[in-house]
Structure formats: structure tokens, C-alpha cells
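Biologist: I would like to learn how to read a protein model step by step. Could you take me through the one we are about to open?

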Amino acid sequence: MKVRCICGNLMVEEDLKNHEEYSGYKDADYFDLLESNPSTVQELVDRMPRTELYWECKSCNRILFFKKGKIEVYLFEKDIND
Ligand SMILES: [Zn+2]
């Protein structure tokens, strides 16, 4: 997969020179899994929530969230500690 950021930076999957890759899942999905009391570690691993993929552009620090059928783009707005 290749994605050109709004800033012009070309990001290519598995080539991390232009972006960082992250993945995560909703805490609520994970807590639901724990409450379902998986009986083995393997069952826990097999039922882990689906992870969401997101990239950070190394040029402008925009965050791109890969959602079903679309990419949501976020740009840092303000440090709330200022
Ligand atoms: Zn960018």
C-alpha cells in the first residue's frame, strides 16, 4: 500500500523511512474479551479485538487512521499544556 500525505510525503507500507506505523484496538473491546473469561491463553489470543492501523507522517506528523473504506487524517492542533 502506498499513500501520499497531504504534505506530499509518499509513504509506502513496509518501508518506514517516511512514516511510523502503529496499531491498536478499543479498550472496550478488550475489556469485553476479558469479561468473557477466556479459559486459555490461546483462546485469549485468538479472540483479541481487531486492531486498527494508523500511520504517522514523518514529514508533517499528521496521523492517518485506516478505517473501513476510508482514511481519516488528523493534524496536531494545539498542545493543551500551553
Ligand atoms: Zn505529511
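Modeller: Let us begin with two terms: strands (E, at least two residues) and helices (H or I, at least four) are DSSP runs, numbered from the N terminus, and two strands pair if DSSP finds at least two bridges between them. With that in hand, look at Y54, whose bridge partner in β5 is F65. Please keep in mind that this is a predicted model, in which local features need pLDDT of at least 70 and side-chain atom pairs count only at pLDDT 80 or more, while totals for chains, interfaces and linings use all residues. Residues are numbered from 1 along each chain as its sequence is written.

Biologist: Which elements does the protein have, and in what order do they run from the N terminus?

Modeller: The protein has 2 helices and 6 strands, and from the N terminus on they follow the order β-β-β-α-α-β-β-β. Its radius of gyration (taken over C-alpha atoms) is 16 Å, well over the 12 Å that the globule rule (2.2 Å times the number of residues to the power 0.38) gives for 82 residues, so the protein is more spread out than a compact globule.

Biologist: How should I read a sheet, and what is the order of the strands in the open sheet here?

Modeller: In general, strands of a sheet pair through backbone hydrogen bonds, either parallel or antiparallel. Here an open sheet of 4 strands has the order β3-β4-β5-β6, with antiparallel pairing. The strands β3 (19-24) and β6 (70-74) stand at the edges with a single partner strand each, so one side of each is left without a neighbour in the sheet.

Biologist: How many bridges join β5 to β6, and what is the bridge partner of F65 in β6?

Modeller: The antiparallel strands β5 and β6 are joined by 5 bridges, and F65 has E72 as its bridge partner in β6. In the hairpin of these two strands, which has 2 residues between them, G69 takes a positive phi near 80 degrees.

Biologist: Is V73 buried, exposed or partly exposed?

Modeller: A residue is buried if 20 or more other C-beta atoms (placed from the backbone) lie within 10 Å of its own, exposed if 12 or fewer, and partly exposed in between. V73, which lies in strand β6, has 13 such atoms within 10 Å and is therefore partly exposed. Counting contacts (C-beta atoms within 7 Å) and leaving out residues up to four places away in sequence, V73 touches I6, R62 and L64.

Key: Contact = placed C-beta atoms within 7 Å.
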